[in-house]
Amino acid sequence: MSDDRAFLEQLQGYGIRTVGEPRRYELSSTDAIALGRDPNCGIVLAAKHRMVSGIHAQIRPIEPTPGSPQIWELCDLDSTNGTYVNGVTVRGCRILEPGDLIVLGQRGPEFLFEYVCASPATVQPTRLQSSFYQTDPVTVTFTKLFPILSTGGHLTRKAYLLPVAMTVSVVVFLFAAVGEQLVFNRVLGIYIAGMAYYFIYQICGKPKPWWVSIAVCVSTIVLLLSPVLSGFLWLFREVLPGRLPVAGESITFGELLVRMFFGAGLMEELLKAIPVFGALIIGRGFFPPWNTRVGVWEPLDGILLGAASAVGFTLLETLWQYVPSVVASSGPEAGLQLLIPRMLGSVAGHIAYSGYFGYAIGLSVLMPSKRLRTVVVGYLTASVLHALWNAVGSFN
């Protein structure tokens, strides 16, 4: 085992200036330990280490084979400035060997991985020795002048890359579409809907191929443009008591709520759920791992696909129905004034209802014995919420 002096000499051999005595951290053979600036990490770095992410990396024990010594692996947790072992960037995870030098970020805090031997026959729990250094605050480096370069290949995995790229692209299209009101409205509406869905996608935190979400969105639009919609309108608004009130018709709030429940809630939520049920069925026809990527296997899958279907419904309803009619009757300015609040409200509302129903569909997959009950309760709950929103907004 190297003593503190030897450890300091080794760090200096790497060109590292140390401050104070090295610190020691014992690793567990059963639990992982996180390193970062977040107070919940097992090894918490000071806020002055700006190159270190909140939860930067993690050291995990790996169950050894019988008769083999305990081993640990170091995993980079998608940090901004990267994790390095002996000067090599860690991509994913890497098995640690005694003497490995771990660096969090470029010129960041240093850790030396070592075994601590109590006697020739025993090995005490593995320790990390660490030494922190301070850089010269007046030193100007290339990465300080161009900080985006320090992210390197990690940039493509950041949550902000896609919305920034979308925003820049949409701004270019909007400038190009000045004077073309129809194109301008549709580009702006698609942008609002896309950003709302991306927000939901990030909250769910489950990777889902982008083309699956787009396929569900387009499927909903196709359904609305097909004879299926006419059948739904006949069933829910002619056969069932879902006829929507006309201008000037006197009606109580209770009657309006019942009509909205059948004519908007039940009808629209079932229509938007058809692509979700389709993905559930189709996904079972794929082999792993594509079956889990395409289909519905848990509530998060249902939420993501339900939200995608809601985006398609809102885009067609708002951009191809309500806004063009207002533009034709009241002019382009009135159409734009309607577009923004309606897109924001409708996207949020439809995503909430369809996402909840999608959640119930995904939950039913995990609860086969209560599948029908779970789907029916989710369907009715989403329909009631939808009807309440429409009734309150329409009642005079």
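What separates Tyr356 and Tyr359 in helix α10 (residues 332–366)? In this predicted model, the two tyrosines are 3 residues apart in that helix, so about one helical turn lies between them. Tyr356 comes out as partly exposed, with 35% relative accessibility, and Tyr359 is also partly exposed, its relative accessible area being 34%.

The pairing ties together distant parts of the chain, since Phe357 belongs to helix α10 whereas Tyr379 belongs to helix α11 (residues 371–394), 22 residues apart. Phe357 and Tyr379 are both buried. Phe277 joins in as well, and ring pairs link Phe277, Phe357 and Tyr379 into a cluster.

Across the whole structure, the search turns up 8 aromatic pairs. Among them is the one formed by Tyr356 and Tyr359, whose ring centres lie 6.4 Å apart with the planes at 35 degrees, so that pair is tilted. The reasoning is simple enough: 35 degrees is not under 30, so the pair is not stacked, and it is not over 60, so the pair is not edge-to-face either.

Two arginines also team up with aromatic rings. In one case, Arg284 places its charged end over the ring of Trp297, at 4.2 Å from the ring centre. In the other, the ring of Trp290 has the charged end of Arg293 sitting over it, 4.8 Å from the centre.

Turning to helix packing, how do α5 and α7 cross? The axes of helix α5 (residues 210–225) and helix α7 (residues 253–283) come within 9 Å, with a crossing angle of roughly 135 degrees. The crossing of α5 past α7 is right-handed. On the α5 side, the residues that meet α7 are Val216, Ser219, Thr220, Leu223 and Leu224. Their counterparts in α7 are Leu271, Lys272, Ile274 and Pro275.

Most residues other than glycine have a negative phi. Asp78 sits in the loop between β5 (71–76) and β6 (83–85), and with a relative accessible area of 32% it is partly exposed. Asn86, likewise not a glycine, has a positive phi near 55 degrees. The loop between β6 and β7 (88–89) is where Asn86 is found, and at 35% relative accessibility Asn86 counts as partly exposed.

Lastly, there is Tyr115, a residue of strand β10 (residues 110–119). Is Tyr115 buried or exposed, or partly exposed? At 25% relative accessibility, Tyr115 counts as partly exposed, because buried would require a value under 20% and exposed one over 50%. Tyr115 and Glu26 are 89 residues apart in sequence, yet their C-alpha atoms are 9.9 Å apart in space.

Note on methods: Residues numbered from 1 in each chain as written. Predicted model: local features only at pLDDT ≥ 70, side-chain atom pairs only at ≥ 80, totals over all residues. Heavy atoms only, no water. Helix = DSSP H or I, 4+ residues; strand = E, 2+ residues; numbered from the N terminus. Buried < 20%, exposed > 50% of the residue type's maximum accessible area, 1.4 Å probe, protein only. Phe/Tyr/Trp six-rings, centres within 6.5 Å; stacked < 30°, edge-to-face > 60°. Lys NZ or Arg CZ within 6 Å of the ring centre and 35° of its normal. Axes fitted to C-alpha atoms, helices over the stretch in contact; angles between N-to-C directions. Left-handed = near helix turned anticlockwise from the far one by under 90°. Contact = heavy atoms within 4.5 Å.
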